[in-house]
Amino acid sequence: MTTPNLDTELLQRKLTREVASRKQAETLLEQKSLELFESKQKLELAVAQLEKSSAQDILKLEFQQQIDALLIYFGRAFLDHHLDDIILSNFVAKVCESTLIRACYLKLNAELMLGLKKPFYGSEINVDPNSLKLQWHGSQLDIPLIVNREKIGLLSLKIQDTEQDNQFIEQPLRLVADLLCRAVNRQQIIYRNIESRKKAEHSERATRDFLAMINHELRTPLNGLLGSSELLQDTLLDTHQQQLVQNLIQSGEFLRVIINDLLDYSKINADMFTLLPRKFEIKSLINTLSSIFTSKAQEKSLSFDIKISDNVPCAVEGDMERITQIFVNLIGNAVKFTDQGSVTLTLDWQDKQLHFQVKDTGIGISDTAQSKLFQPFTQVDRSSKRNVEGTGLGLAICNQLIQLMGGSINLCSAVNVGTTFTGRIPLRKVRALPSAAKDPAKQINKLLPQNLSMLVVDDIRMNQIIINEMLTKLNIKPDIANNGLEAVTAVQNKRYDMILMDCRMPEMDGFEATKKIRSLSMDMPIIALTASTTLSERELCFKSGMNDVLTKPYRSADIQNMLVKWCQH
């Protein structure tokens, strides 16, 4: 049996143990609570950091998408439209709408000549105008605009306060600046091309005007020279006078060749040359060449022959004036560089082409000189002791004309033996043409109406006299008008079978006069008398209502052909 003291002691010890256990449990609970609190804080910090990182990533993604959209939109806009104040203002406004951009400033150099009226776009901010490198100034990014290693302007941007990396912001904004540089460069190229085209058009107009002027100024007096010499040749002359007239005709023909060479070379280089094919007789070509070179060859005691194969057609269609020009140059050179022997022109017809050969027994051409013979303004000195006249354009023009006709030319030469030019010219064979006999007045009267009524319109007295004399020989007495106004008045008072109309006259030119005559419902043939050989002048003639063109200098045979062509029964 336990005593009360023992029971109390046992109870006290039990109580002590329970208190100790409770304290130990409380301590453990406190420790666990502290650990849980620390874990919660760490978790909250991690969540906060994650939220912050997600927000930055979202901001990055949004900014990148905005810049991509801007690049796509304005990439197309800059291609479809010229740069102007409106599109550049819209460009700056769109940049400012980006999430990270607070303000945007764009400045382009005034000397770019882009047609812009504003000095800058966006909000003006402090910038370094001389900076040539991308720079950060706090939250401001300056990007110089460089085209072809030259600074053309500046793009400056205020960036929102953010913890974003500068490198990330720079990269898309560099693309924006590059897009702007490409747009400016493209517009500069367009403007330069426009200016170049304007200059080219101005140069072409100046060239056309010059050629038209020089054509008129050279061919008009030449018409008087050749026309007067032709009329003088048909008068009663003694032997000495005939020689002088023949010299005058030869000099005039050679002058015509030189003028044609110079003008044709200029027109070919200006891309203004056009072949003018018409029907003509081979006999007319031969007669022209004989009249030019027979006496010239006789002066040097040379034999000049023209041999024609039986299969050469009587008449062909081609640019007779240019074909004549080719043979005049080739034969003229042969006579010039031949001191003894002969010069021979041989014509043949094969495969719808006129084959020709111009052969001389002259001093020949060396192999070295042959390589540059067809170059313009080149004279090969074929004589070591003499100088020869000429522009150095003859053979170059021959080569260019034959190529334009679709033919070819070659040469074979030996020094002190001679030179032979061979070539071919495609032509169309036609039926024989009606032609005047030796006495034009008798023959042409069989083809033309009796009492043919003609009006000649020309402001130059010399031309009036020449054409009046040529028509008088054909028993035609023309009326004369000094300008277009007089011509319009004349046709209102008298009926005419044909009008020969000069193109360039004071008060009223031939083009306007022809339009007024056509407006009066008059349909008689109107033939242009013009010193210009350009295609634009011919087109203007036909557009105004003229039927045909007679180019100065003209001969009596040219007028006869026009009469037969337009005034036959």
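**Notebook: helices, strands, rings and cores**

I began with helix H14: its 12 residues reach 16 Å from the first C-alpha to the last, close to the 16 Å expected at 1.5 Å a residue. The expected span is 1.5 Å times one less than the number of residues in the helix. I took helices (H or I, at least four residues) and strands (E, at least two) as DSSP runs, numbered from the N terminus.

I note that this is a predicted model, in which local features need pLDDT of at least 70 and side-chain atom pairs count only at pLDDT 80 or more, while totals for chains, interfaces and linings use all residues. Residues are numbered from 1 along each chain as its sequence is written, and side-chain values use heavy atoms, with hydrogens and water left out.

I listed the buried residues of H14 as Ser556, Asp558, Ile559, Gln560, Met562, Leu563, Val564 and Cys567. Buried means under 20% relative accessible area, exposed over 50%, and partly exposed in between (1.4 Å probe, protein chains only).

I then turned to helix H8, residues 394-404, which is mostly covered, with 8 of its 11 residues buried. Those buried are Gly394, Leu395, Ala396, Ile397, Cys398, Asn399, Leu401 and Ile402. I looked up what covers them and found, among others, helices H4 (239-269) and H6 (320-336) and strands E10 (353-360), E11 (408-414) and E12 (418-426). After H8 comes Gly406, with a positive phi near 90°.

Strands pair if DSSP finds at least two bridges between them. Asp305 stands opposite Thr344 in E9.

E9 also pairs with E10, in the antiparallel sense and over 8 bridges. Here I found Leu345 opposite Val358 in E10. E9 and E10 form a hairpin with 2 residues between them.

**Backbone exceptions**

Most residues other than glycine have a negative phi, and most peptide bonds are trans. I therefore noted the departures from this pattern.

Asp351, in the loop between E9 and E10, is not a glycine, yet has a positive phi of about 50°. At 70% relative accessibility, Asp351 is exposed. Asn416 is found in the loop between E11 and E12, and its phi is also positive, near 65°. Asn416 is exposed too, with a relative accessible area of 65%.

The peptide bond from Lys552 to Pro553 is cis, with omega near 0°. I placed Pro553 in the loop between strand E18 (548-551) and helix H14 (556-567).

**Rings**

I counted 8 aromatic pairs. Rings of Phe, Tyr and Trp (its six-membered ring) pair if their centres lie within 6.5 Å; planes under 30 degrees apart count as stacked, over 60 as edge-to-face and the rest as tilted. One of the pairs is Phe78 with Phe91, tilted at 45° between the planes and 5.8 Å centre to centre. Phe78 lies in helix H1 (residues 4-80) and Phe91 in helix H2 (residues 85-96), so this pair ties together parts that are 13 residues apart in sequence. Phe78 is buried at 5% relative accessibility, and Phe91 is buried at 0%. I also saw that ring pairs link Tyr73, Phe74, Phe78 and Phe91 into a cluster.

Lys60 lies over the face of Phe168, 5.2 Å from the ring centre. A charge sits over a ring if NZ of Lys or CZ of Arg is within 6 Å of the ring centre and within 35 degrees of the ring normal.

**Nonpolar cores**

In soluble globular proteins, nonpolar side chains tend to be buried together. I defined a nonpolar core as a set of buried Ala, Val, Leu, Ile, Met, Phe, Trp, Tyr and Cys residues joined through side-chain atoms within 4.5 Å.

The largest such core has 46 residues, of which Phe327, Leu330, Ile331 and Leu347 touch the most other members. The elements giving two or more residues to this core are H4, helix H5 (282-299), H6, E9, E10, H8 and E12. H6 gives the most, with 9 residues. Apart from this core lies another, of 39 residues, including Ala77, Val176, Ala177 and Leu179.

I looked up contacts (heavy atoms within 4.5 Å). Leaving aside neighbours within four places in sequence, those of Leu347 include Ile282, Ile286, Phe327, Leu354 and Phe356.

Glu537 is placed in helix H13 (residues 535-544) and is buried, with a relative accessible area of 4%. Beyond neighbours within four places in sequence, Glu537 is in contact with Cys503, Arg504, Phe511, Thr530 and Ser532.
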